[in-house]
Amino acid sequence: MRIGLYGGAFDPIHNGHVAMIKGALGSGAVDIVIVIPSARNPFKPGKALTCAPYRYYMVKDVVEDLFSEKVFVSDIEFKIEGVSYTDTVVDRISDPEYISAFLDEQGFSSVEAEEDHEFYWIAGSDCLETLWSWHNASDLVSKTGFLIALRPGDDCDIPGVAAETSAKLGVPVNTTVFDIDGVEVASSDIRRSGIFDEIPGAAKAFIAEHNVYEAGKILEYASDEACSRLAEVSIWMYGCLGRKRLLHTLNTGLLSAYLAKCHGADIDKALIAGAVHDCAKELPIEEQRAMAYKRCKDLFVDEKLLHSPAGAVFYNEAFGEEDQEILDAITYHTTGRGDMTLIDKIVFLADKIEPSRNYTDLSPIRKTAPEDLDGAVRLTLESVVDKFLRKKRPIHPLTEDFMKSLGMK
Ligand SMILES: [Fe+2]
Ligand SMILES: [Fe+2]
């Protein structure tokens with residue numbers, strides 16, 4: 001099969017990207033296209049890019065909505081440790097074991113999946129001009145051809161540039177050109193302006209559901225270290241949580257950071273504690289129990305609660321986190337406790353009201369939260385207790401202590 005590879009940050013995916021995919025397929029030069037959202041950006045620190053899982057799932061939604069059968073999304077970048085350059089990505093994706101398993105998963109027959117494939121990196125003419133300087137360029141050029149998009153008015157001499165690049169690298173560069181309609185749009189402008197006219201409907205819906213770019217603005221106030229940690233934990237949790245829970249826990253981190261800013265708490269700590277608070281929730285229950293025991297002996301017995309102390313241990317063991325304020329906020333995010341810190345309360349609250357939560361009308365609590373933290377926590381506790389009573393579940397003694405500390409019965 002002739003496989004087009006289309007990599008990028010897709011922050012957010014927009015109509016220009018869609019035009020590239022359509023143009024590449026329409027050229028007849030490739031049979032399918034695999035879209036590859038980056039996990040880390042080699043040229044920008046953590047703060048510059050929206051966390052990888054948001055970009056990956058947004059691209060998936062758009063591809064599923066607009067294309068069928070011929071366009072797929074790969075998460076290979078999540079599996080590459082450290083900085084991933086184009087040559088690393090092409091190397092990994094063209095590995096016969098990877099690509100045949102990937103195609104098999106997409107429903108191709110084993111004959112189609114296991115045949116010898118040709119690869120074409122899809123890019124604009126500006127990329128071709130700098131190709132000679134890319135990381136391990138000769139190696140890259142020997143593994144993949146280049147499918148170059150020409151926009152109206154683009155007068156780049158593709159054969160000339162390709163010949164020059166071949167001479168510089170000492171390896172022939174295989175290029176094919178295709179025309180695309182000119183969609184003049186850049187992700188950075190979309191992010192800056194907050195105007196989402198030039199992005200596909202499925203991306204718009206995704207951004208609205210998770211409040212992605214509005215919520216992400218709080219990272220301006222977080223340190224570079226915390227932003228890098230957030231980027232790393234988001235990639236780590238992609239390996240241990242399903243889509244819904246992963247996006248929920250990341251949303252909680254961003255909202256926690258926002259609430260920390262509103263109430264004078266440490267933004268970095270709230271961000272990280274919130275972002276990882278549910279990291280252990282999909283581990284086998286016995287693993288959760290063993291981890292929970294390490295932190296709190298048998299203070300937590302209910303299976304639904306084990307993931308809170310287990311999460312503190314899981315995150316500590318994966319990243320060497322020793323900050324007790326962060327670890328406590330994770331530990332007590334389900335039950336609360338008598339002497340809740342500001343960060344404990346913030347994470348407890350953000351968990352219940354992050355943007356994708358819609359179990360009940362949360363607007364009164366959402367409205368109260370930035371101005372009156374205890375007031376919003378009280379409203380949340382009232383509805384939690386109500387739910388427990390209806391389901392005839394006992395209230396945890398720690399939650400009773402928490403309520404007493406807020407003057408509730
Ligand atoms: Fe939880
Ligand atoms: Fe949660």
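Q: Domain bounds come from an automatic or database domain assignment; where do the domains of this protein lie, and how far apart are their C-alpha centres?
A: The assignment gives domain 1 (2-190) and domain 2 (211-405), and their C-alpha centres are 37 Å apart. This is a predicted model, in which local features need pLDDT of at least 70 and side-chain atom pairs count only at pLDDT 80 or more, while totals for chains, interfaces and linings use all residues. Residues are numbered from 1 along each chain as its sequence is written, and chains are lettered from A and ligands numbered from 1 in the order in which they are written.

Q: How many residues of domain 1 are in contact with domain 2, and what classes do they belong to?
A: Two residues are in contact if their C-beta atoms, placed from the backbone, lie within 7 Å, and by this rule 12 residues of domain 1 touch 15 residues of domain 2. The side of domain 1 that touches domain 2 has eight nonpolar, two polar and two charged residues, where Ala, Val, Leu, Ile, Met, Phe, Trp, Tyr, Cys and Pro count as nonpolar, Asp, Glu, Lys and Arg as charged, and the others, Gly among them, as polar.

Q: What does the globule rule give for the radius of gyration of 409 residues, and what value does the protein have?
A: The rule is 2.2 Å times the number of residues to the power 0.38, with the radius taken over C-alpha atoms. For 409 residues a compact globule would have a radius near 22 Å, and the protein has 24 Å, which agrees. The C-alpha trace spans about 80 × 40 × 35 Å along its principal axes.

Q: Why is Ile-365 called buried?
A: A residue is buried if 20 or more other C-beta atoms, placed from the backbone, lie within 10 Å of its own, exposed if 12 or fewer, and partly exposed in between. Ile-365 has 21 such atoms within 10 Å, so it is buried. Ile-365 is found in helix H19 (residues 363-368), where helices are DSSP runs of H or I with at least four residues and strands are runs of E with at least two, numbered from the N terminus. Leaving aside neighbours within four places in sequence, Ile-365 is in contact with Ile-353, Ala-376, Leu-379 and Thr-380.

Q: Why is Lys-297 called exposed, and why does Asn-211 count as partly exposed?
A: Lys-297 has 9 other C-beta atoms within 10 Å, and is therefore exposed, whereas Asn-211 has 16 inside 10 Å and so counts as partly exposed. Lys-297 lies in the loop between helix H15 (285-296) and helix H16 (307-319), and has a positive phi of about 50° although it is not a glycine. Asn-211, in the loop between helix H10 (201-210) and helix H11 (212-216), has a positive phi near 55°.

Q: What is expected for the span of helix H1?
A: The expected span is 1.5 Å times one less than the number of residues. H1 (residues 15-26) has 12 residues and reaches 16 Å from its first C-alpha to its last, close to the 16 Å expected.

Q: What makes a set of residues a nonpolar core, and which helix gives the most to the largest one?
A: Such a core is a set of buried Ala, Val, Leu, Ile, Met, Phe, Trp, Tyr and Cys residues joined through C-beta atoms within 7 Å. The largest has 120 residues, of which Leu-5, Val-33, Ile-122 and Ala-270 touch the most other members. Helix H13 (residues 243-263) gives the most to this core, with nine residues, and the core draws at least three residues from each of domain 1 and domain 2.

Methods:
Domain bounds come from an automatic or database domain assignment.
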